[in-house]
Amino acid sequence: MRYLLVLICGLMLLGGCSSSQVQDLTKAGLILSGEDEEKAERIAEAAGKAAGSIAPIPIDRERSIGGGMALKSVATEGRLYPNDELQRYVNLVGLSIVRETPRAGFPFNFAVIDNDEVNAWATPGGYIFVTSGAVMQMEDEAQLAGVLGHEIAHVTEAHMLKMMKREQFFEAAVEGTSASVDQNLSEYTKVVDLGNDILFERGYDRNMEYNADEVGVEFAALTGYDPSGLSRYLKNLRSAQGNTGGGWLESTHPQLSSRIERIDTRLNTDLAGIEGAAGRERFQRIVGAALGN
Amino acid sequence: MKRMTARRFGALTVMACVVSALAVASDMGEQRPKEKVSVDLRLATDGLTGGGDIMAGEIVYSKRNSVDLKEGPRRSDETVATLDKGAELTVVDTRGAQLQVRTKRGVEGWVSKLNTTSDKPRGSLGDVKILTSDDLGPGERSNVGAIRGLQEMAEDYAAEVEVPQEAIDDVKKMEAITLTINQQDIDEFLEEGDVQ
């Protein structure tokens, strides 16, 4: 009987139930079988936690996939902008933010790409890029922090890996102890190509972009930056492109206006009264010297 | 075949999960104390309401994993515990953006309200699990920090798809720049920019 019951629980997990769904079903089942609600809640919480105990993807595998995507990014989008002070500066801002995230201590790398188009992107494992075109649209360090916070959030929330998981081959290729990306170049190439297709063609789900905005703004604020940085940057973009409803970023991101509206609502509610540094002087000095802005 | 009643199905489901639940450690949302973080935190003061005011007695939840619960409201204060995503916290007091809270196990400390939410975070279907700082023991943390440089498979891929050597050199340079930055550099950078 015991083994049958464990089997049933395992089947729930294999059936794709998340830990919260296991928790909800357990609580419902307990109440159905006559248990009082408080006790049902406690036992269900433990069951949910047990269900959540799935082995995570090792960081070297994440870095491996991210590294391949980074190589392809630089090959197709442009080389590193040739200014060492600018590159170091962007890394300092980015690494400051990483310290406030659940990935503090993990490897992250940041780079400005020499490309007039406005764009920024992140790969699994923490390779993060922002174009010189995007930096040219910024006015202060808080805006840079907002953009980097957004990209860091894509990594900490595992958005790319979650998008990839929709493909049938993902589980065997990337998850589990004998994932084929570690050994098989053909499978590895498939995963990297999928990732770059999501980055530069399809885009993330709209809700993932909104989530990255929300979490990224929080990360920047936790670091000590003015939380309005990302909103002000997006408003700069909207002004620059004339709010025509298409253009920079919007082939792979939700419309600028809807992003701005969501961020501003939070700034006026949950985040009201939270102050931070704008860092205009340092930004203008370093970026101005590098980009002639 | 006899139809299973809702009551019997509920009982079977519950018993299956209880077997697993009994194997789970008793800690619910808290882990061992972490090392001290050496970054100073500016308190949000004077005239700051914190919007959607959080009141003493309210229940909030840790919004993400690896959230530090501090001895005091300053960033430089000792960490007394780290919180898992979803950890339930009772608000005891507020000071600007900092909340004094009590965990379900009675541990008190301070947490930024930016790391909390009034709605209990839920998992999502098809979640992918990645490592966070809290998954690592002290020895593992230094190992993770040392995972740098392009992995072998990435280099094989570069050769296979004929990534230009200059692109490979650029990604290696990107990694090398980060290696020149240590925690003290970051502390000084934040201090110079008055980012606290």
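This dialogue walks through how to read several features of a predicted model.

Biologist: How many helices and strands does chain A have, and how many does chain B have?

Modeller: Helices (H or I, at least four residues) and strands (E, at least two) are DSSP runs, numbered from the N terminus. Chain A comes to 14 helices and 3 strands, and chain B to 5 helices and 8 strands, the latter in the order α-β-β-β-β-β-β-β-β-α-α-α-α. Buried means under 20% relative accessible area, exposed over 50%, and partly exposed in between, with a 1.4 Å probe and protein chains only; 60% of the 293 residues of chain A count as buried, as do 45% of the 196 residues of chain B.

Biologist: How many aromatic pairs are there, and how are their rings arranged?

Modeller: Rings of Phe, Tyr and Trp (its six-membered ring) pair if their centres lie within 6.5 Å, and planes under 30 degrees apart count as stacked, over 60 as edge-to-face and the rest as tilted. The whole structure holds 6 aromatic pairs over all chains. In one of them, the rings of Y89(A) and F283(A) have centres 6.4 Å apart and planes at 55°, so this pair is tilted. The pair links distant parts of the chain, with Y89(A) in helix α5 (residues 84–98) of chain A and F283(A) in helix α14 (residues 280–291) of chain A, 194 residues apart. Y89(A) is buried at 2% relative accessibility, and F283(A) is buried at 1%. Another pair, W121(A) and F129(A), is stacked, at 5.3 Å centre to centre with 20° between the planes.

Biologist: Which residues form one aromatic cluster with Y89(A)?

Modeller: Y89(A) forms one cluster with F283(A) and F189(B).

Biologist: Which charged residue lies over the face of Y127(A)?

Modeller: A charge sits over a ring if NZ of Lys or CZ of Arg is within 6 Å of the ring centre and within 35 degrees of the ring normal. R63(A) lies over the face of Y127(A), at 4.2 Å from the ring centre, and K190(A) lies over the face of F169(A), at 4.6 Å from the ring centre.

Biologist: At what angle do helices α11 and α13 of chain A pack?

Modeller: Axes are lines fitted to C-alpha atoms, for helices over the stretch in contact, and angles run from 0 to 180 degrees between N-to-C directions. Helix α11 (residues 206–223) of chain A packs on helix α13 (residues 256–268) of chain A at about 40°, with the axes 10 Å apart. Angles under 35 degrees count as roughly parallel, over 145 as roughly antiparallel, 65 to 115 as roughly perpendicular and the rest as oblique, so α11(A) is oblique to α13(A).

Biologist: Is V174(A) buried or exposed, and which residues does it contact?

Modeller: V174(A), in helix α9 (residues 170–174) of chain A, is buried, with a relative accessible area of 0%. Contact means heavy atoms within 4.5 Å, and, leaving aside neighbours within four places in sequence, V174(A) is in contact with I57(A), R61(A), I65(A), A179(A), V181(A) and V191(A). The C-alpha atoms of V174(A) and R61(A) are separated by 7.9 Å, although these residues are 113 residues apart along the chain.

Notes. Residues numbered from 1 in each chain as written. Chains lettered and ligands numbered in written order. Predicted model: local features only at pLDDT ≥ 70, side-chain atom pairs only at ≥ 80, totals over all residues. Heavy atoms only, no water.
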